[in-house]
Amino acid sequence: MHRVGFVFSRDWIGMKHTFSEVAPCRQKLELSFEPAEVDQAIDAAYRQFNQNVAIKGFRPGMAPKRMVERKYGPQAFRDAAGQLVQDAMEKALEEAKVNPLGDPTLDREKLIVAPGAAFTYTVELDVRPNIELAVYDKIPLLDRTRDPEAADVERRIEEIGRRLTPHRETAEPAAAGDVLEVDAKMTVGDEEIVNVKAHRIRMEGDQLFGIPCPDLVTKLAGARPDTEAAFEQTVPADHPREELRGKTAHTTLKVLKVNRLAAPEISDEFAARMGFKDLAGMREVVKFQLDRDRNQERREAFEGQIVDAMITRNPFALPDSFVQRQANAQLYQNRVRLARMGVTKQFLDENAATMAAESRKNTERSLRWTIISDAVAEKEKVEITREEVAEYIGALARQQQTTAEKIMKTIRDHNGMMAIAAEIRDAKVFQILIDQAEVSKAEPEAKDAGHQHDETCGCDHHDQ
């Protein structure tokens, strides 16, 4: 909670507070102060001004009270009101054992007191719901991962080899997997939306300049330099430009070069070039990496299933206004991030409703899990040790290839220690729930084996 800037000790003479519910998870707090408490706060504000603000002709703290009152009276009345309300709110929340969600919004126009007069202030707060945790053992979890096999290791090594092996021009006719250099034009109606020279497209997948092209590979199979090909493509319903959706795009290509990837020779010599002692050593490291990736994939899947299960088992109300404020903040951050990535304002505006709904959904899910996770941590008496924090920071330092001291400085500069503690706590809560869960194996979900997007994929990565 933001503080006014001065602190003074007090005996609460007659401050009273009353809570009343105005909506689910929303409380109204009424604070009442006796005139003596108000005068005490005003005197403290005057002393603060006298000590910290220069008044011509007087040393700090030595100006006559009447002069300080005349010069800073209105501001002192506001500062005194703010300090009274902040201190009283903390006391009231603690006594009533009410946990607020975020800082309340204070009406600054009403935050002002008058000497010798009683003061009453009312504020509404979003509060954290009190939940009775449902049983959380034996959560059913599906493990759809599979253990890496020798063939997976060889496939990963071949992928590494292909990434490091350049495409070379060939006189052979084009085949699947080749990369063609082409001149290309695409028109929709009378508008030319693509006109590129020496553009590289890969002979795989079913996309051409970001628009489905199911006959891409079959039509270009056997192509040689000077081969020309034409395509008709239907602009999809989710295309960024709404006015083009559903229309037919006419695309023409002229092949300039056919480039083919030479099959890499996987050998001890290749492994040595990659920094390994031999091919056996490379296989061992690649197997370790695949195991690590599998474990990470499994963990992330389990965590998602746990969140869904615990939210289903523990229904409770949330303060709508707080959820919406958080969702709006997330939506704004997403728009800024996408704009920096080059997404057009037109696209963002056209998809504003969908993005807002998704932001609201994600915010509510995250908030529900935070409240549930806190409750589990409290029930299980989860504690965070210095050693665990040090280990977490060390892992961050290794990941970012820097020192733990630099990471720690960044965390302190951004007041990030509580966020780190929350992450560690969350990980421990997840582990408790995973350890108590009932895990069963299932067939891995089919993954889209579509092409990797790069400069050769034929998709449109730039604004037209």
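User: Which ring does the charged end of Lys 219 sit over?
Analyst: In this predicted model, the charged end of Lys 219 sits over the ring of Phe 231, at 5.4 Å from the ring centre.

User: And Arg 368, what does that one lie over?
Analyst: Arg 368 lies over the face of Phe 316, and its distance from the ring centre is 5.0 Å.

User: Switching to ring on ring, how many aromatic pairs are there?
Analyst: The count comes to three aromatic pairs. One of them joins Phe 33 and Phe 119, whose ring centres are 5.8 Å apart and whose planes meet at 15°, so this pair is stacked.

User: Where in the chain do those two sit?
Analyst: Phe 33 belongs to strand β2 (residues 26-33) and Phe 119 to strand β3 (residues 119-126), so the pair links distant parts of the chain, 86 residues apart.

User: Buried or exposed, Phe 33 and Phe 119?
Analyst: Phe 33 is buried, with a relative accessible area of 3%, and Phe 119 is buried as well, at 6%.

User: Why does the pair of Trp 369 and Phe 430 count as stacked?
Analyst: Their ring centres are 4.8 Å apart and their planes lie at 15°, which is under the 30 degrees required, so the pair is stacked. This pair also links distant parts of the chain, with Trp 369 in helix α9 (residues 352-379) and Phe 430 in helix α12 (residues 417-435), 61 residues apart. Trp 369 counts as buried at 7% relative accessibility, and Phe 430 is buried with a relative accessible area of 7%.

User: Which residues do ring pairs link into a cluster?
Analyst: Ring pairs link Phe 33, Phe 119 and Tyr 121 into a cluster.

How values were computed:
Residues numbered from 1 in each chain as written. Predicted model: local features only at pLDDT ≥ 70, side-chain atom pairs only at ≥ 80, totals over all residues. Heavy atoms only, no water. Phe/Tyr/Trp six-rings, centres within 6.5 Å; stacked < 30°, edge-to-face > 60°. Helix = DSSP H or I, 4+ residues; strand = E, 2+ residues; numbered from the N terminus. Buried < 20%, exposed > 50% of the residue type's maximum accessible area, 1.4 Å probe, protein only. Lys NZ or Arg CZ within 6 Å of the ring centre and 35° of its normal.
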